[in-house]
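Keep the sequence and the 3D view side by side as you read.

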Amino acid sequence: MSVIDLRSDTVTQPSTGMRDAMASAPLGDDVYGEDPTVNKLESELASRLGFAQALFVPTGTMSNLLALMAHCGRGDEYIVGQQAHTYKYEGGGAAVLGSIQPQPLEVQADGSLDLQQVVAAIKPDDFHFARTRLLALENTMQGKVLPVEYLGQASRLTREHGLALHLDGARLYNAAVKLGVDASEIARHFDSVSVCLSKGLGAPVGSVLCGTVELIGKARRLRKMVGGGMRQAG
Ligand SMILES: *Cc1c(COP(=O)(O)O)cnc(C)c1O
């Protein structure tokens, strides 16, 4: 009897094609920037999603952590869904390792954050308050897909208020399929996007963080710091 395990898309197994690709991948030391397979993955994903650069990391948790720490410094704040992965399921890493204060907001039934509530949560420039620097969204959000129009509104809002906008796009490609758009149509609204390769996309591990040259430069330093610089990772 063949059993289909529906607990999670994280229990999917690499296909024969993926295993063959892994066995024959050209390798080098990625900490030296010399792994051709990693370099190809990073440049391909960056260009497909419309970003200047990308960084391969072991997990989605690390990818989000590096993004939050690259956008925010000690004493800064990020606005995030109460049920979002970065806030609820990543061990509080942004606070523990980044000294970044989360400002959680209740997620609405459709998976979005109420943008009025987001605006109301942005702290004025006053020494009593943490500095609000970033809004983090998730798409898909617990299986719900945020529409492209909503992402545009969130992007305008963050630009008006001088915030950066990060996407936990662990399942970006699921959202793109559901919306019937290219993944870049979702990604283009964000300053950084994290994508999981291990959620039903066939890879056994790994995530990719996309952003500007400056942001990915910071993330690369942080990746080394938290022990995520892998050698023959390709
Ligand atoms: C799985 C997941 C992550 C983290 O990925 P790991 O590789 O398990 O660390 C981040 N965000 C969302 C929405 C996820 O589903």
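Ser-99 is found in the loop between helix 5 (93-98) and strand 3 (101-105). Helices (H or I, at least four residues) and strands (E, at least two) are DSSP runs, numbered from the N terminus. Ser-99 is not a glycine, yet its phi is positive, about 55°. Its relative accessibility is 29%, so Ser-99 counts as partly exposed. Buried means under 20% relative accessible area, exposed over 50%, and partly exposed in between (1.4 Å probe, protein chains only). Ser-99 and Arg-220 are 121 residues apart along the chain, and 19 Å separates their C-alpha atoms.

## About the model

This is a predicted model, in which local features need pLDDT of at least 70 and side-chain atom pairs count only at pLDDT 80 or more, while totals for chains, interfaces and linings use all residues. Residues are numbered from 1 along each chain as its sequence is written, and side-chain values use heavy atoms, with hydrogens and water left out.

## The ligand and its shell

Which residues surround the ligand? They are Thr-59, Gly-60, Thr-61, Asn-64, His-85, Glu-90, Glu-138, Asp-168, Ala-170, Arg-171, Cys-196 and Lys-199. A residue is near a molecule if one of its heavy atoms lies within 4 Å of it. By class, the shell has two nonpolar, five polar and five charged residues. Here Ala, Val, Leu, Ile, Met, Phe, Trp, Tyr, Cys and Pro count as nonpolar, Asp, Glu, Lys and Arg as charged, and the others, Gly among them, as polar. Helix 3 (residues 60-71) gives the largest share of the shell, three residues.

Polar side-chain atoms reach the ligand too. One in Thr-61 lies 2.6 Å from a ligand oxygen atom. One in Asp-168 lies 2.6 Å from a ligand nitrogen atom. In Lys-199, a side-chain N or O atom is 2.8 Å from an oxygen atom of the ligand. Taken alone, the ligand exposes 380 Å², and the protein buries 83% of that. These areas come from the Shrake-Rupley method with a 1.4 Å probe.

The space taken by the ligand is the second largest pocket. A pocket is an open set of points on a 1 Å grid over the protein atoms alone, with protein on both sides within 12 Å along at least five of seven lines. A molecule sits in a pocket if more than half of its atoms lie within 2 Å of its grid points.

A cis peptide bond joins Asn-139 and Thr-140, with omega about 5°. Thr-140 sits in the loop between strand 4 (131-138) and helix 7 (148-160). Gln-142 lies in the loop between strand 4 and helix 7. Its phi is near 45°, a positive value in a residue other than glycine.

## Two side-chain pairs

Is Gln-83 buried or exposed? Gln-83 counts as buried because its relative accessibility is 18%. Its place is the loop between strand 2 (76-81) and helix 4 (85-88). The side chain of Gln-83 makes a polar contact with that of Glu-106, at 2.8 Å. A polar contact is a pair of N or O atoms within 3.5 Å; within protein, one must be able to donate a hydrogen and the other to accept it, and residues adjacent in sequence count only if both atoms are side-chain atoms.

Asp-5 is found in the segment before helix 1 (16-24). Its relative accessible area is 36%, so Asp-5 is partly exposed. A polar contact of 2.5 Å links the side chains of Asp-5 and Arg-7.

## Sequence and space

Gln-53 lies in strand 1 (residues 53-57). With a relative accessible area of 31%, Gln-53 is partly exposed. Gln-53 and Leu-215 are 162 residues apart in sequence, with 8.7 Å between their C-alpha atoms.

Asp-125 sits in the loop between helix 6 (115-121) and strand 4. Asp-125 is exposed, with a relative accessible area of 85%. Asp-125 and Val-205 are 80 residues apart in sequence and 41 Å apart in space, C-alpha to C-alpha.

Note on methods
On a 1 Å grid over the protein atoms alone, a cavity is a set of points where a 1.4 Å probe fits but cannot get out, and a pocket is an open set with protein on both sides within 12 Å along at least five of seven lines; lining residues have an atom within 4 Å of a point.
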